[in-house]
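Here are my notes on this model, as numbered points. Please read them with the structure open.

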Amino acid sequence: AAEDRFKQAIIATLAKRAANRCSNPDCGAITSGPSIAPDDAVNVGEAAHIYGANPGSARYDSDMSPSERSAISNGVWLCGNCHKLIDDDPLRYPAGLLYEWQRN
């Protein structure tokens with residue numbers, strides 16, 4: 001649902017807190033760079049939910065409220081590749097590990 005998505009301000013803060021780098025310590029890819037236009041930039045980073053936003057998504061917790069799901073505390077900044085990786089293999093990437101990445 002829309003109320004479970006991150007607001008733009010939270011997305012921007014997650015990116016800044018991670019210094020525009022993927023939070024996966026095995027990756028660390030830079031997630032922004034220059035565009036061909038001198039006044040623009042390209043972003044390949046994503047604000048990833050630690051506990052999924054929708055039923056059936058990775059690590060979804062039905063006990064969470066929409067405001068908890070969309071809170072910055074439930075987010076981690078990742079490159080697009082790592083976001084797909086953690087969501088496709090949630091047993092390998094449990095919430096506790098993602099919170100550790102978030103803290104670091």
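1. The largest pocket has a lining of 19 residues, and those nearest its centre are Ala18, Ser23, Trp101, Gln102 and Asn104. A pocket here is an open set of points on a 1 Å grid over the protein atoms alone, where a 1.4 Å probe fits, with protein on both sides within 12 Å along at least five of seven lines; lining residues have an atom within 4 Å of a point.

2. The model is predicted: local features need pLDDT of at least 70 and side-chain atom pairs pLDDT 80 or more, while totals for chains, interfaces and linings use all residues. Residues are numbered from 1 along each chain as its sequence is written, and side-chain values use heavy atoms, without hydrogens and water.

3. Helix H1 (8-17), strand S4 (75-79) and helix H4 (95-103) each give at least two residues to the lining of the largest pocket. Helices (H or I, at least four residues) and strands (E, at least two) are DSSP runs, numbered from the N terminus.

4. The whole structure has zero disulfides, a disulfide being a pair of cysteine sulfur atoms within 2.5 Å. For Cys22, the nearest cysteine sulfur is that of Cys82, 3.7 Å away. For Cys79, the nearest cysteine sulfur is also that of Cys82, 3.7 Å away.

5. Which residues of helix H3 (residues 80-88) are buried? They are Cys82, His83 and Ile86, where buried means under 20% relative accessible area and exposed over 50%, with partly exposed in between (1.4 Å probe, protein chains only). The face of H3 turned away from its buried side carries the exposed residues Asn81, Lys84 and Asp88.
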